[in-house]
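Thank you all for making time this morning. I would like to walk you through one structure, going from charged pairs to pockets and then to a couple of loop positions.

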Amino acid sequence: MAGKRIMLDVLKGETVSPPPLWMMRQAGRYLPEYRETRRRAGSFLDLCYDPDLAVEVTLQPIERFGFDASILFSDILVVPNALGRDVRFEEGRGPILKPITASEIAALNGDMFHVNLEPVYETVRRLRAKLPGETTLIGFCGAPWTVATYMIAGHGTPDQGPARLFAYREPRAFAKLLKILADHSAAHLIRQIEAGADVVQIFDSWSGVLDEPSFEAFCVEPVAAIVRQVKAVHPDVPVIGFPKGAGERYRDYRRKTGITGLGLDWTVPLSMAKELQREGAVQGNLDPLRLVAGGTALADGVGSILRTLGGGPLIFNLGHGITPETPVAHVEAMVKMVRSHR
């Protein structure tokens with residue numbers, strides 16, 4: 001029998017004290033057990049596509065810290081990979097893809113999309129069977145804009161200039177790419193829900209580099225399209241949106257996209273976060289480097305968030321992913337601080 005998944009209560013707008021807690025990238029290189037599993041896997045994508053190992057690393061932070069939510073171990077770039085684009089990860093460089101051209105966008109092939117991603121859905125099914133009943137299972141995808149930036153440049157860049165320039169020079173091809181990614185990402189999330197995910201999250205890690213009209217066209221509209229498609233099939237499943245770096249545009253993002261919960265990066269002022277919380281659950285937003293530093297910096301950051309946002313619907317999280325150099329002891333300290341909040 002499933003236990004009470006308090007994160008789902010918060011996403012319905014309820015206040016829970018202490019708030020549910022999880023971390024973006026919680027299964028990752030800061031854990032020695034992850035590094036050992038990663039070594040056995042071979043390549044990073046091999047780890048993503050091996051259900052045995054993907055389940056193993058997904059469960060590692062749950063077993064160690066007892067987080068209230070578990071996020072599927074995968075990557076946002078499995079979507080272009082499943083569409084036939086070559087993706088690889090190089091140590092020290094991150095993801096490497098063959099840059100896509102305007103003419104190649106129309107040739108993206110989704111015929112084998114779900115077949116290619118079946119190992120991911122199998123991982124979700126196994127996780128739901130193995131996780132504690134009270135642990136919320138989160139599925140995810142990358143937002144079309146963020147995924148497109150990697151497909152166009154072939155790698156990460158400081159300001160995603162190649163994708164911005166491509167969008168301005170090739171507006172029709174770029175709009176086609178965003179639509180393809182939105183439709184397939186929605187299908188990917190729906191399959192994750194059918195496999196057992198309780199919640200899905202859309203990561204838009206590069207939304208902060210865009211001007212106002214581009215933000216509306218490249219971030220808001222494609223995410224709204226994903227949410228519409230997911231809600232048409234699973235109207236009761238919450239969707240969390242995380243438009244990192246959106247700044248003032250956070251204010252309208254939930255209303256315009258239709259997301260349920262709003263993930264906040266660490267630069268969002270807590271006074272603004274409090275305003276956003278009046279419209280529904282917020283998630284975040286501890287600076288990951290406070291977790292690296294520990295001590296007073298960590299205690300002050302955690303305390304400020306809990307004092308300001310703990311009286312409303314809050315999912316405690318970092319304002320971005322945990323960094324590899326984070327001491328495990330600091331994570332243990334953070335968990336203790338949050339769990340002692342009343």
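Let me begin with a glutamate: Glu-118 counts as partly exposed, because its relative accessibility is 32%, and please keep in mind throughout that what you see is a predicted model. The partner of Glu-118 is Arg-125, and the two form a salt bridge in which the closest N and O atoms are 2.2 Å apart. Arg-125 is likewise to be called partly exposed, since its relative accessibility comes to 37%.

In one of them, the side chains of Glu-248 and Arg-251 meet in a salt bridge, with 2.7 Å from N to O. Glu-248 has a relative accessible area of 54% and is therefore exposed, whereas Arg-251, with 30%, is partly exposed. Coming back to Glu-118 and Arg-125, salt bridges with shared partners join these two residues with Asp-52, Glu-122 and Arg-126 into one network. In the other pair, Arg-93 forms a salt bridge with Glu-90, and the closest N and O atoms there are 3.2 Å apart. Arg-93 counts as exposed because its relative accessibility is 54%, while Glu-90, at 27%, counts as partly exposed. How many salt bridges does the structure hold? The count is 22.

Now to the pockets. The largest pocket has a volume of about 1300 Å³, and its lining is made up of 37 residues, of which Arg-25, Arg-29, Phe-44, Asp-75 and Phe-89 lie nearest the centre. If you follow the secondary structure around the largest pocket, you will find that α2 (32-41), β2 (87-90) and β3 (94-97) each supply at least two residues of its lining. By class, the lining of the largest pocket divides into 19 nonpolar, 10 polar and eight charged residues.

The second largest pocket holds about 190 Å³ of space. It is lined by 14 residues, and those closest to its centre are Ala-175, Leu-178, Lys-179, Ala-217 and Pro-222. Which helix gives the largest share of the lining of the second largest pocket? That is α11, which contributes seven residues, although α11 (171-195) and α12 (212-233) each supply at least two. The classes in the lining of the second largest pocket are 10 nonpolar and four charged residues, with no polar ones.

Is Gly-280 buried or exposed? With a relative accessible area of 14%, Gly-280 is buried, because that value falls under the 20% cut-off. Setting aside residues up to four places away in sequence, Gly-280 touches Arg-254 and Pro-313. Gly-280 and Leu-314 are 34 residues apart in sequence, and their C-alpha atoms are 8.9 Å apart in space.

The other position is Thr-323, which sits in the loop between β9 (314-318) and α17 (328-339). Thr-323 has a relative accessible area of 18%, and so it too is buried under the 20% cut-off. Which residues is Thr-323 in contact with, once its neighbours within four places in sequence are left aside? They are Tyr-30, Pro-288 and Val-292.

Definitions and conventions. Residues numbered from 1 in each chain as written. Predicted model: local features only at pLDDT ≥ 70, side-chain atom pairs only at ≥ 80, totals over all residues. Heavy atoms only, no water. Buried < 20%, exposed > 50% of the residue type's maximum accessible area, 1.4 Å probe, protein only. Contact = heavy atoms within 4.5 Å. Salt bridge = Lys/Arg side-chain N within 4 Å of Asp/Glu carboxyl O. Helix = DSSP H or I, 4+ residues; strand = E, 2+ residues; numbered from the N terminus. 1 Å grid on protein atoms, 1.4 Å probe; cavity = no way out; pocket = protein on both sides within 12 Å on 5 of 7 lines; lining within 4 Å. Points joined across faces, edges and corners; volume = space filled by probe spheres on them. Nonpolar A, V, L, I, M, F, W, Y, C, P; charged D, E, K, R; others polar.
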